[in-house]
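Student: I would like to go through this assembly with you, one topic at a time. Could we begin with the contacts between chains?

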Amino acid sequence: MNFDPRFSGRKFASVGTRPIRPDGVDKVTGRARYGADFNMAGQLVGRVLRSPHAHAIIRKIDTSKAEALSGVKAVITAADLPDLTDGDAAMYDILDNCMARTKALYDGHAVAAVAAIDARTARQALKLIEVDYEVLPHVTDVDEAMAHHAPLINDTIFTEGLEQKPAKASNVTKRSQFGHGDVHQGFGAADFIVERSFKTEQTHQGYIEPHACVANVSTDGTADLWVCTQGHFVYRQHCAQLLGMEASKLRVTSSEIGGGFGGKTHVWAEPVALALSRKAGRPVKLVMTRDEVFRASGPTSATSIDVKIGARKDGTITAAEATLRYSAGPYAGSWAEIGAMTAFACYKLDNVKTVGYEVLVNRPKTAAYRAPSAPMAAFAVESAVDELAKEIGIDPVEFRIRNAAQEGTRSSYGPVYGPIGIGPTLEAVKNHAHMKAPLKANQGRGMACGFWFNFGGQTCVDLNIGMDGSVSLAVGTVDVGGSRASLSLVAAEELGIDYTQLKAVVADTSSLGYNDMTDGSRGTFSSSMATISAARNAIKILRERAAQMWDISVDDVVWEQGHAVAKGEKHGNLGKLSLKEIAAKSGTTGGPIAGHSELVADGAGVSFATHICDVEVDPETGSTRVIRYTVVQDAGKAVHPTYVEGQYQGGAAQGIGWALNEEYIYGKDGRLQNAGFLDYRIPVCSDLPMIDTQILEIPNPNHPYGVRGVGETSIVPPLAAIANAVSNAAGVRMTHIPMSPPRILAAIEAEREG
Amino acid sequence: MAGVAVSTTINGDAVEYLCQPDEPLLDVLRDRLGLTGAKEGCGTGDCGACSIILDDRLVCSCLVLGAEAEGRRIETVEGMAHGDRLHPLQQKFLEHAALQCGICTPGFLIAAKDLLAKNPDPTEEEIRFGLAGNLCRCTGYDKIVRAVQDAAIVMKGA
Amino acid sequence: MRYIRPLSIEDAVGQLAGSAGPAAILAGGSDLLVRMKGGFVEPELIIDIKGITGLSEIRATADGFSIGAAVPCAVLGENAALKKAWPGVVEAAKLIGSKQVQGRCTIVGNLCNASPAADSVPALVAAGARAVVVGPSGKRTIAVETVPTAPGRTSLAKGEIIEAILLGSQAPRSADAYLRFIPRTEMDIAVVSAGVNLTLDEAGVVTAARVAIGAAAPTVLLVEEAAEALIGRKLDEAALERLAKICSGACRPIDDKRGTIEFRRKVAGVLARRAAQTAYARAGGK
C-alpha cells in the first residue's frame with residue numbers, strides 16, 4: 001500500500017481541538033473495567049510465594065502440605081514452567097524472573113504459586129510450602145557490585161563489549177561506548193573544566209493500579225487472558241512462548257490500564273496465572289499486592305555517573321565525557337547503553353565520549369520507566385553544565401543556547417538531526433516570565449534540558465464504516481492517557497467528519513494484527529500514522545462507491561470535507577455525496593466499507609524539553625518545596641493539546657518525586673525496607689504547585705501532521721532542574737538523588753563547616 | 001469462621017450481605033456486590049483509591065471491615081450521577097481532562113465531593129490539602145485541582 | 001475468627017480477658033487492618049468498641065475534657081472548645097494520615113499502637129494528658145507517657161482497655177503546640193516531632209512547661225531538662241538555643257528508612273524551638 005508519511009503542512013479542523021475523551025464517562029462513573037475489575041465464573045484466587053532472601057540457592061521446594069490443604073486446586077513451581085526458550089537468552093531471563101529456577105536473585109523473587117478457592121485458603125497454602133534455601137552473599141549497590149570482591153550474581157556472565165573477552169566472570173554484563181572526535185584534545189583546548197560524580201537511587205513508576213490478570217486455559221489448548229498491560233500483543237507472544245502455545249490460540253484482552261509508565265511492558269504474573277489455570281483446569285485471577293508491586297515488578301536503574309565537561313572562555317564546549325553505571329537487577333539489560341546515548345544529546349559537540357556499564361545487582365529486574373535511563377544521565381550532565389556556566393561566568397540559559405544542537409548537528413550518539421526543538425525550547429525559556437520573577441530568601445531557581453528519542457514501530461489499525469455512517473476505529477496500542485481521543489481526532493480530520501461520529505476502541509489480540517506496545521512515546525505517533533493510512537484507504541473505497549453511484553470514473557471523484565465531490569465540468573450537475581449517504585448504499589455497491597493499515601511507523605521525531613523550577617529550602621531542616629514549575633516542550637503537533645499538557649505535567653510531577661524523595665531503600669540484609677506508598681513517598685497534591693506548560697510545535701517531517709511522541713521527555717529535565725534550583729537555594733551543589741531532607745541538611749552542614 | 005450478616009444502605013439502596021469477620025468493606029463492595037468503582041491501590045490506606053463516604057465521613061474502604069457497615073450509610077462513586085445526569089464534579093473532571101489512566105478518579109471524585117460538602121468555597125491550598133490522601137501518578141494534580149475549583153463554582157451557582 | 005460489637009465496656013473487658021486466642025480491639029482500624037492485611041496479626045477475636053455508650057463522645061468535665069476511645073481524630077478538630085483549649089493536641093491528631101484516615105483513627109489507637117513516631121502522643125504528653133484504663137480488676141488513671149513501653153508494646157495488662165483520654169482545662173496564659181517533620185506535606189509518618197505546652201505569667205515569663213519529643217527514641221521522650229531551661233525566663237534567643245540543644249542531646253534516635261541519627265537529632269532541636277515559639281505566642285507571650 002502506498003502511504004506517504006511526509007509532513008504536508010495542512011490546515012486542521014479537528015486536530016488541535018480539545019473534545020471530551022470517548023472513554024471518559026465510564027471512568028468518572030466507576031464503570032470502566034481495569035485489571036482487577038474482571039471476573040470469570042468459577043475463578044480461583046492465585047497467590048505467589050516470594051523469596052525473603054536477596055540471593056539464595058533453592059535446594060528444594062516441598063509443596064505437598066499445601067497441595068493437601070482443602071480448597072487448594074493447584075500449586076506450581078519452576079518445574080511447571082519448563083524451559084521452552086530454545087536458547088533465547090532474553091526470554092530465559094523473563095522465564096526465570098517469573099519463577100526462580102535454581103536461585104532466588106532478589107527479595108521478592110517468585111519461587112512458587114498456588115490457586116485456591118478463596119484468598120484466605122491461598123494465603124494459608126503459601127505458608128505450607130517449604131522452601132529449603134542456601135543463603136548466599138548478596139550485593140544491591142551498583143558501585144559495590146562492580147568491585148572485584150563483589151558476590152557474583154551469575155557466573156556465566158563475562159563482560160561484553162571489551163576488546164578481549166575477560167578471563168573472569170563479572171557482574172558487569174556489557175560495556176558500550178558512543179561519541180566522536182577526540183575528547184583528550186578537546187579538554188586540552190578548554191579554559192574551564194568541571195568534573196563531578198553523581199549518584200541516583202532506584203525508583204519505581206508508582207502506577208496506582210497493581211498488576212492484575214485473569215487467565216483461563218481450556219483443555220483444548222486455547223486460552224484467554226484479561227490483563228492490564230501496555231502491550232497485549234507482546235504479552236501474548238511472551239506468554240505463548242513460555243507456555244508452549246501457538247500465539248493465535250491465546251487471546252489477550254487489555255483492560256483499562258491504571259498507569260504503567262514503562263512498568264507494564266513485561267510479564268511477571270501472567271505466565272504464572274496461565275500455568276496455574278492450566279494445572280487447575282479453572283480460571284485463575286492473580287492480583288499483586290502493593291508490597292509485591294514494589295518488591296517484584298520492575299523499577300528503574302540506580303546509577304553512578306562521572307561527568308567531565310570543558311569549555312572555552314567564550315562559552316563554547318570543547319569536550320564532554322561521561323562514564324555511566326546502571327543497575328539492571330539480576331538480568332542483563334541495555335539501560336546504561338541508553339543512558340550513554342542520551343547523555344549529551346542536547347548539545348552540538350565536536351569531541352564527545354560516553355561509556356556505559358550494565359551492572360547486575362540483587363534487586364528486581366529493571367524495567368522501563370518513562371524515557372528510561374535518560375533522567376539520570378540528564379541529571380549528571382545538566383548539573384555539570386550549570387556549574388561550568390557558573391565557572392565561566394555566563395548565564396546558564398545563554399550557555400546552553402550557545403551549545404545547543406540544531407538541524408544538521410551530528411548527535412552524540414551518532415545520527416544527524418533533522419529539524420529539532422532544543423534551541424526553540426531554550427529561547428522560549430529565556431523569554432518566559434518565570435525566568436524574570438523575583439525570588440525570596442532561601443529560594444533558588446534552576447533550569448535544565450532533556451532529550452528523548454521517541455519510538456515508532458509495528459502498528460495496525462482497522463477503520464470500519466457502519467451503514468449508518470458512523471465509524472469505528474480499532475487500534476492496537478493500549479490507551480494509557482487519552483490516545484483514543486487523539487486517534488479519533490485524527491480519523492475525523494482525515495475523513496472530514498465530526499469527532500462524535502467516531503468511536504475508538506482498543507482491540508484484543510484476536511481482532512487485529514500485531515502491534516508493538518505503548519512505549520517509547522509511540523502510541524499516538526504510530527497509531528495516528530496508521531489511522532491516517534487506514535482512513536485514506538477507506539476514502540479510496542468511498543470514492544469508488546460514489547463513482548459507482550454516479551456512474552462516473554473514480555478519477556473524477558475527490559474527497560473534500562467528508563464528502564465525495566465530482567470534479568470536472570461534465571459533472572457540474574452532480575451534488576456532493578456525504579460519507580453517510582455513501583455508507584447507506586454500501587450494501588448494494590459492494591458491501592462493507594473499511595480501511596485497514598499495517599505499517600512500521602518510521603521516523604519518530606526526537607523530542608526536547610527545557611524546564612524551569614523554583615524551590616524553597618528550609619536551611620534548618622533541609623525541607624524543600626517546589627513553589628513554581630514550568631515545562632516547555634516540542635510536541636511536533638499537539639493532536640489533543642489538553643492531553644499533551646497532561647503528559648508534560650505528569651512527567652514533571654514524577655520527576656519532582658524522584659528528585660526529592662522517592663527511592664528504594666534496602667537494608668543490610670538485602671531486603672527492601674519501604675515497599676509501600678507510605679514510605680516510598682510519591683508526591684501528594686499538597687506537595688506540588690500548578691505546573692505551567694508551553695507547547696512548541698516544530699513539525700516532525702516524517703509524519704503527515706508533524707506529530708512527535710510527547711509522553712516521556714517531560715521526566716528527563718526535572719531531576720537536573722530541581723538539583724540546580726536546590727543547589728542555588730542552599731548554596732551547595734547536590735550530587736545525590738533523591739535530595740531528601742537528610743541529604744540536603746548534611747550537605748548544608750558540611751558546607752558550613754567547610 | 002462464622003460469616004457476619006450485615007444490613008446496610010449503599011447509595012440509597014438497602015443492601016444485605018454476608019461477609020467474613022476480617023473482610024475489608026472494599027472487598028465486600030468489589031467482590032460480593034460488584035461495585036468495582038472503588039479501587040484497591042494499596043490496601044493500607046495510603047492511596048485513597050478506595051475512598052467512600054461512610055455516614056458523611058470520608059474513609060478508605062480498605063480500612064473498614066465489612067462487618068462494621070451494619071446500619072450505616074455508604075456512598076460510592078456509583079451513586080454520584082443522578083440517572084444519566086453526571087455530578088458537576090464528574091462533568092468538570094471530563095472537561096478539564098483531570099484524569100489520564102483514571103484509576104484514581106473514583107477516589108478523587110468521592111474525596112472532592114466530601115471536601116465541597118464541608119467547604120463549598122475552598123482555596124487552592126485547601127483543595128490541595130483536602131485531596132492529599134488521594135494519590136494520582138498521571139496528572140501532577142494540576143488539572144484535578146482546576147476541575148474541583150470549577151465544579152465548586154458551578155455547585156455554588158446551582 | 002469472630003467479630004463482636006459489645007454495648008458496654010464491662011462486656012468488652014470481659015470478652016477481651018476471656019479470649020483464649022489473640023484478640024484485638026477495633027476502634028478506627030487504621031492500624032489494625034493494615035497489620036491484619038500484612039499478616040502481622042491474626043486475631044481470633046475482633047472487639048469493635050464503637051457501639052459502647054459514651055466511647056464516641058468528647059465530654060466537658062469539671063476539670064477539662066474526656067475524649068472517648070472511639071472518637072475519630074477528625075472529630076477532635078470539629079470541637080471548638082477542645083481546639084481552643086488544646087490547639088497542639090488537636091493539630092497533632094489532625095496530622096495523622098490523610099482525611100480518610102482521620103475520619104477513622106483515634107488518639108487512643110495511636111497511643112496503644114505504641115509506635116515511637118505516633119503523632120498525637122508527644123502532644124498528649126506535653127499536655128499532661130492521662131489515660132483512663134478499664135480492666136478486669138477495675139478502673140485506673142495513668143499518665144499517657146507510661147502507656148508505651150517499647151515499640152509495639154504497652155503497659156496494659158491482659159483484658160485492659162483504655163476507655164478515654166483526659167485533658168485538664170488550660171490555666172490562664174497557657175497554650176500548647178505540636179510540630180513534626182515529614183519530607184512531604186501530608187501522608188507521612190513523623191521523622192521526628194516535638195510537643196510543647198507553656199504557661200506564662202503576666203509579664204510573659206514562663207512559669208510552667210512540658211516538652212516532649214517523638215520518633216527520637218524507642219518511646220516518646222518527656223524532656224524535663226528542656227522544660228527547666230524555659231521556666232523562669234521569657235522566650236529569648238538564648239533560652240530557645242538552650243532548649244534546642246537539650247532536646248537534640250536528649251534524643252536516642254536510630255538510622256532507618258525515614259531518617260538518619262544526625263538528622264533526627266538536629267531537627268528535634270529545631271522543631272522544639274519552633275513549637276515553643278508557637279505555644280508562647282498562643283499563650284499571649286510577645
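Student: How many residues of chain B are in contact with chain C, and how many of chain C with chain B?
Tutor: This is a predicted model. In it, 26 residues of chain B are in contact with 22 residues of chain C.

Student: Staying with chain B, what domains does it have?
Tutor: The domain assignment lists domain 1 (4–78) and domain 2 (88–157) of chain B. Their centres, taken over C-alpha atoms, are separated by 22 Å.

Student: How many residues do these two domains bring into contact?
Tutor: Domain 1 of chain B has 13 residues in contact with 11 residues of domain 2 of chain B. On the domain 1 side, the largest share is 3 residues, from strand 3 (residues 51–54) of chain B. By class, that side of domain 1 of chain B holds 8 nonpolar, 4 polar and 1 charged residues.

Student: A change of topic: what is the span of helix 22 of chain A?
Tutor: Helix 22 (residues 741–752) of chain A has 12 residues and reaches 16 Å from its first C-alpha to its last, close to the 16 Å expected at 1.5 Å a residue. After helix 22 of chain A comes A:G754, which has a positive phi near 70°.

Student: Which residues of that helix are buried?
Tutor: In helix 22 of chain A, the buried residues are A:P741, A:P742, A:I744, A:L745, A:A747 and A:I748.

Student: What covers them?
Tutor: The cover includes strand 24 (607–617), strand 25 (624–634) and helix 21 (718–730) of chain A, together with helix 11 (261–282) of chain C.

Student: Which residues touch the most other members of the largest nonpolar core?
Tutor: Of the 415 residues in that core, C:C247 and C:A272 touch the most other members. Leaving aside neighbours within four places in sequence, C:A272 is in contact with C:A194, C:V196, C:V211, C:I213, C:A226, C:L243, C:A244 and C:C247.

Student: Finally, how is chain C divided into domains?
Tutor: The assignment gives domain 1 (2–48 + 58–168) and domain 2 (191–282) of chain C, and 25 Å separate their centres, taken over C-alpha atoms. Their contact takes 19 residues from domain 1 of chain C and 18 residues from domain 2 of chain C.

Student: Which element has the largest share on the domain 1 side?
Tutor: Helix 8 of chain C has the largest share of that side, with 5 residues. The side of domain 1 of chain C that touches domain 2 of chain C has 14 nonpolar, 3 polar and 2 charged residues.

Methods: Residues numbered from 1 in each chain as written. Chains lettered and ligands numbered in written order. Predicted model: local features only at pLDDT ≥ 70, side-chain atom pairs only at ≥ 80, totals over all residues. Contact = placed C-beta atoms within 7 Å. Domains from an automatic or database assignment. Helix = DSSP H or I, 4+ residues; strand = E, 2+ residues; numbered from the N terminus. Nonpolar A, V, L, I, M, F, W, Y, C, P; charged D, E, K, R; others polar. Expected span 1.5 Å × (residues − 1). Buried ≥ 20, exposed ≤ 12 C-beta atoms within 10 Å, placed from the backbone. Core = buried A, V, L, I, M, F, W, Y, C linked by C-beta atoms within 7 Å.
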